Amino acid sequence: MTENSGGKNLRLLKKVPFLAPLEEEALQSLLPFLKEKKYKKNQVVFHEGEPGRYLFLIRSGNVKVYKLSEDGKEKILRVFGPDDFFAELPLLDGGKYPASAETLSDCTLLCLSREDFLRILSGNPEIMKKIYEIVGGRLRHFTTMVTDLTLKDASCRLAGFLLDMAEQKDPFSSKVIRFPMELTHQDIASLIGTARETVSRTLRQFQKEGMIEIKERYITILDKERLAQTAR
């Protein structure tokens, strides 16, 4: 591992909420245990049902976590980007991956094995509180997703998705927000539980109504208040 990549990996570790309580010296001691893996776009990271051997941290790129129905229909559960992490639950219970993961772009991932992860926990019991908070937050995310699928129509869910994306890209802005649309219309449809054609049609309608602008694979939120009203 080069000094430059070591510095990048250390900064990434500091952004993982449940590792935040560790002193920098302790974080530096983890660096030799991180395995760097590069993935091409549309490459499977792991399949549902495989043993949960690794926690993954994203240094660059985007990864979707999804499940397949019996008839092969894909449902995206969540999309993770740079500085995110995923697949932490199997490391806690020793179980299998409950869903599959695939890259949406070329990615550089850092892998931390379950053995090393448990060694960190045994030496730092205070980080368990953070882990419980994270697991609880992700459980609330999925509960909200199920509620939205049940009670809200596709336009409401799409508006909410755009607001979530804007919040992730620029959490402090309340006016015009511009960000790259890194997902295809099919990916968005899978995330919000609708058809690709519905996503395309609704995005055109939002643009016609002046709530958003789409240009050169970028989306600009022009009227955040109206979009929020649509999402309710």
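## Strand pairing and packing in a predicted model

Leu 57 stands opposite Phe 85 in strand S6. The structure is a predicted model.

**The open sheet.** These strands are part of an open sheet of four strands, ordered S1-S8-S3-S6, with antiparallel pairing. Strand S1 (35-39) and strand S6 (85-86) stand at the edges; each has a single partner strand, so one side of each is left without a neighbour in the sheet. Helix H4 (residues 114-123) packs on the sheet, where this helix touches S3 and strand S8 (107-113). The direction of H4 makes about 60° with that of S8. In general, the strands of a sheet pair through backbone hydrogen bonds, in either a parallel or an antiparallel arrangement.

**The hairpin.** Strands S10 and S11 form a hairpin with two residues between them. Glu 216, in the turn, has a positive phi of about 50°. The pairing of S10 (residues 212-215) with S11 (residues 218-221) is antiparallel and comprises four bridges. Within this pairing, Lys 215 has Tyr 218 of S11 as its bridge partner.

| Strand pair | Sense | Bridges |
|---|---|---|
| S10 and S11 | antiparallel | four bridges |

**A buried loop residue.** Leu 22 lies in the loop between helix H1 (3-14) and helix H2 (24-30). Leu 22 counts as buried because its relative accessibility is 8%, under the 20% cut-off. The C-alpha atoms of Leu 22 and Asn 124 are separated by 7.8 Å, although these residues are 102 residues apart along the chain.

Conventions:
Residues are numbered from 1 along each chain as its sequence is written. This is a predicted model: local features need pLDDT of at least 70, side-chain atom pairs count only at pLDDT 80 or more; totals for chains, interfaces and linings use all residues. Side-chain values use heavy atoms; hydrogens and water are left out. Buried means under 20% relative accessible area, exposed over 50%, partly exposed in between (1.4 Å probe, protein chains only). Two strands pair if DSSP finds at least two bridges between them. Contact means heavy atoms within 4.5 Å. Axes are lines fitted to C-alpha atoms, for helices over the stretch in contact, and angles run from 0 to 180 degrees between N-to-C directions.
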